[in-house]
Amino acid sequence: MKSTLIGSGILLLGVNAAAIYLPTHELTIGAQATSAALGLLIIFFGLRPGRRKVIAQPPAPTTPPPPPPRPEAEIVAFLALLQENARLVDFSKEDITAAPDAQLGAAARVVHSGCRKVLAEYFDITPIRTEPEGTTLTLDAGYDAAAHRLLGSVPTHAPYKGKLVHPGWIARTVKLPRVTGTTESRPWPVLAPAELQISA
Amino acid sequence: MAGPCTRRVADIRVILSTQLPSAANNQPPAMSTHLGLDLGTSNCAIAIATGTAPPETLPVTQILSANGIGEKELLPSAIYLPAPDEISSDSPRLPWQESPPAMFTGSFARDRGELQPDRLVVSAKSWLCHPHVDRRGPILPWASTSVEQKLSPLDVSRDLLLHLLSSLQSSHAGINLQNAVLTVPASFDEAARGLTLEAANSAGLSDVILLEEPQAAFYAWLENQGSDWRKQVQSGDLLLVCDVGGGTADFSLIAVTGKSGTLSLERVAVGEHLLLGGDNMDLALAHDVSESLSSSGTAPLDEWQFLALIQAIRSAKESLLSDPSLNDVPIAIPSRSRRLVATTLSTTLTREQVDRIALDGFFPLVEPDEMPLHRRAGGLRESGLPYAPDPAISKHLARFLFRAKANILSSPQLLEAIGADKLSDPSSLLIPDAVLFNGGVFNASPFRHRVLGQLGRWAGRTVRELEGARPDHAVALGAAVYARLRATGHGVRIKSGTARSYYIGMESSAMAVPGRRPATKALCVAPQGMEEGTTHMIAGQEFLLYTGEPSEFRFFQSEVRAGDFVGQILPDTSDLEESAKLQVEIPSPSGHNSGEEVPVHLESTITELGNLELHLAHAPTGERWKLAFNVRLQ
């Protein structure tokens with residue numbers, strides 16, 4: 001590959017030089033300059049140290065270590081967890097336009113209890129503020145701005161005084177399962193495998 | 001959901017120690033650690049006690065789903081054996097596994113196996129104490145027609161222990177496995193205990209010590225109470241440990257004796273093995289709800305909907321039991337179709353159903369002489385686990401307390417320890433003064449109140465609850481406490497010894513009568529309460545041992561004959577329960593012909609590990625033979 005590139009560059013330059021010294025063909029200066037520049041460029045790229053060549057490894061005798069999962073894999077795996085426990089993908093993908101509220105309510109129980117279980121199992125979620133909603137609070141300068149959102153007309157400087165509308169949530173700990181079994185061809189897990197009932 | 005606060009604190013610690021496996025966490029612990037292992041019927045757990053700190057449970061690394069591994073406090077005692085073609089190279093595997101395993105243990109196994117019941121092994125521990133099956137033979141999953149390579153109950157116990165230990169060693173490299181304590185039900189007989197020890201040995205625990213689960217729960221309570229425990233009990237008290245888990249119920253009585261200030265504890269009675277627990281309640285409620293659904297015109301539930309129903313019932317039941325203001329809880333039963341909204345069925349679980357089925361069905365208020373049914377009405381029964389035919393736990397409790405009274409009356413020693421006034425009670429039952437509850441069922445206060453109410457009714461006085469029980473993790477925690485106690489010698493120890501009396505069958509010496517085999521007498525080789533590390537020589541008695549040809553040995557046991565002594569001969573075996581039978585050929589000692597009877601002396605030993613061994617010694621040649629009690633019943 002590399003030598004072909006260099007060879008074709010030299011050839012192009014040679015043809016170019018021949019055109020200058022053997023003016024049998026009528027070539028414009030512009031075309032000559034262009035082809036010369038092109039030849040130099042080809043040689044330059046050809047000689048430039050390329051990326052390290054990958055030598056094909058002989059297949060390992062044992063199972064190769066699984067490739068580290070991509071960041072998307074963690075997210076898809078969590079979505080799969082919500083599908084498995086709370087049927088979240090089923091619920092979101094279903095057309096509920098005409099479904100009566102009673103039927104929707106029954107499904108919502110399945111989704112709710114499953115989501116609740118998953119949240120309780122993998123996170124420790126607590127409110128950011130312990131005061132009840134409606135309490136008037138004062139935030140002094142240097143308050144945790146990421147954990148508080150100010151609504152309405154906000155003066156330039158703290159202290160900010162306002163009524164608590166939502167106490168916020170924070171995950172104090174996160175202990176998500178570690179994803180296994182991803183491959184080159186399947187970089188993230190399936191959300192829900194297709195199911196087949198085998199009859200006896 | 002007892003004590004979310006403590007649980008949260010524990011979780012934070014857990015994340016630090018296992019989710020970030022840094023070098024610091026992999027160093028051998030500087031302080032001495034003591035290990036407790038709870039190999040439960042439904043769930044397993046590990047706890048350690050480090051230095052003098054309170055014991056704590058350690059999360060177990062396991063496969064959680066087809067896509068992920070993680071840590072959980074409990075390892076479900078489930079093994080799933082997938083079809084070989086179901087496993088691919090990207091199937092989940094644990095950090096210590098080189099390739100995807102041929103079988104899975106824990107959470108994933110339980111959840112996946114539920115959808116393939118023919119390939120799921122659960123309750124293997126109950127098979128381990130089932131005397132009528134080959135407990136070393138590949139019989140599990142029981143009655144499975146699709147699994148080719150089945151497992152023995154012994155294999156399952158070993159594999160669950162191996163999983164626990166691999167997880168422990170990957171988070172705590174170099175941890176001391178010496179003198180770990182492994183719990184068994186108090187109702188396990190010597191054979192089941194021996195098999196448990198064997199499983200532990202083959203999992204790499206060479207010198208494990210067995211502890212009865214109700215005692216472990218009691219040790220956890222003692223540890224939790226600190227020195228305050230003496231304020232809750234007094235000399236002369238009789239304490240019931242009432243342990244009802246997912247699939248089993250286990251009772252023990254502990255007597256408090258001694259003078260004030262130096263109280264001592266002795267376990268004086270253990271119950272029979274009962275396959276009855278919280279899972280039975282969920283199943284009974286699910287059947288009731290499913291029947292009322294189909295009587296209202298809904299199509300019968302398929303097996304997957306029924307599984308979803310049981311899960312929904314479990315949490316609805318817990319809501320009703322923990323919140324007295326609720327009268328009913330709506331239940332949603334999803335199908336497996338992706339059309340969730342269109343196919344989910346809706347029904348309710350009412351307080352009336354929970355009261356009638358869970359409370360009055362399993363804990364009915366009964367008279368002291370109402371004993372549980374011994375067998376179902378059917379003449380022919382499908383082979384399987386010997387589930388308790390009578391679901392009334394109150395009746396099983398009555399039977400336990402009745403037998404406990406008989407047991408104590410048989411032993412002058414126990415009678416003196418407990419005090420004669422306890423037994424002068426006209427009641428046929430031995431009623432405890434206080435109860436320590438253990439097992440998931442007793443997280444719900446209505447069940448605790450019902451048991452206390454029932455005992456109070458039988459006794460005609462108030463029976464109190466020992467405060468501060470932790471029904472979910474007490475067994476593993478108590479095992480770690482006991483491991484530390486044994487190593488350091490600090491702490492209160494429950495005097496226990498063997499839970500039953502053990503006997504060996506002996507052919508009586510009688511004149512030959514045509515058509516009649518000589519009667520079998522029973523020789524007591526280990527009385528109830530015989531302590532670990534003791535040996536009894538049956539002095540002054542010689543027995544004749546048949547050698548050189550196969551002969552049969554029969555073993556018996558009793559929970560109600562605490563008063564028997566080593567060497568005592570019972571004229572017949574009608575009072576006893578046959579636990580094992582062994583066909584064996586004992587080689588003739590040198591200088592004797594095969595088929596010859598040689599005189600031997602008997603010596604019984606309870607090893608330091610709590611295993612019963614019987615030695616037959618032939619004095620003239622100095623030869624000895626050992627018969628272990630963990631033999632199988634043919």
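The model is predicted, so please read each value below as computed from predicted coordinates.

Let's begin where the chains meet. On the side of chain A, 34 residues are in contact with 35 residues of chain B. The size of an interface is often given as the accessible area lost when the parts come together. Here chain A and chain B bury about 2,900 Å² between them, and 52% of that area is on carbon and sulfur atoms.

The polar side of this interface can be counted too. There are 13 residue pairs in polar contact between chain A and chain B, with both residues at pLDDT 80 or more. The elements α4 (88–93), α5 (101–122), β4 (169–174) and β5 (178–179) of chain A each supply at least two residues of the side that touches chain B. Of these, α5(A) gives the largest share, with 9 residues. Sorted by class, the side of chain A that touches chain B has 17 nonpolar, 7 polar and 10 charged residues.

Salt bridges also cross between the chains: the rule finds 3 of them in the interface of chain A and chain B.

Now for the empty space. Rolling a probe the size of a water molecule over the atoms shows where empty space is left. The structure holds 7 cavities of 30 Å³ or more, and the largest cavity has about 90 Å³ of space. Both chains take part in its lining: A:Glu74, A:Ala77, A:Phe78, A:Leu81, A:Leu176, A:Pro177 and A:Val179 are found there along with B:Ser65, B:Asn67 and B:Gly68. Helix α3 (residues 71–86) of chain A gives the most to this lining, with 4 residues. By class, the lining of the largest cavity has 6 nonpolar, 3 polar and 1 charged residues.

Finally, a few backbone details deserve a look. In chain A, the peptide bond from A:Ala158 to A:Pro159 is cis, with omega near 0 degrees; A:Pro159 sits in the loop between β2 (136–139) and β3 (160–163) of chain A. Chain B has a cis peptide bond joining B:Leu140 and B:Pro141, where omega is about 0 degrees. B:Pro141 lies in the loop between α4 (124–128) and α5 (153–171) of chain B. Back in chain A, the loop between α3 and α4 holds A:Arg87, a residue other than glycine whose phi is positive, near 55 degrees.

Terms used. Residues numbered from 1 in each chain as written. Chains lettered and ligands numbered in written order. Predicted model: local features only at pLDDT ≥ 70, side-chain atom pairs only at ≥ 80, totals over all residues. Heavy atoms only, no water. 1 Å grid on protein atoms, 1.4 Å probe; cavity = no way out; pocket = protein on both sides within 12 Å on 5 of 7 lines; lining within 4 Å. Points joined across faces, edges and corners; volume = space filled by probe spheres on them. Nonpolar A, V, L, I, M, F, W, Y, C, P; charged D, E, K, R; others polar. Contact = heavy atoms within 4.5 Å. Buried area = accessible area lost by both parts, 1.4 Å probe. Salt bridge = Lys/Arg side-chain N within 4 Å of Asp/Glu carboxyl O. Polar contact = N/O pair within 3.5 Å; in protein donor to acceptor, adjacent residues only side chain to side chain.
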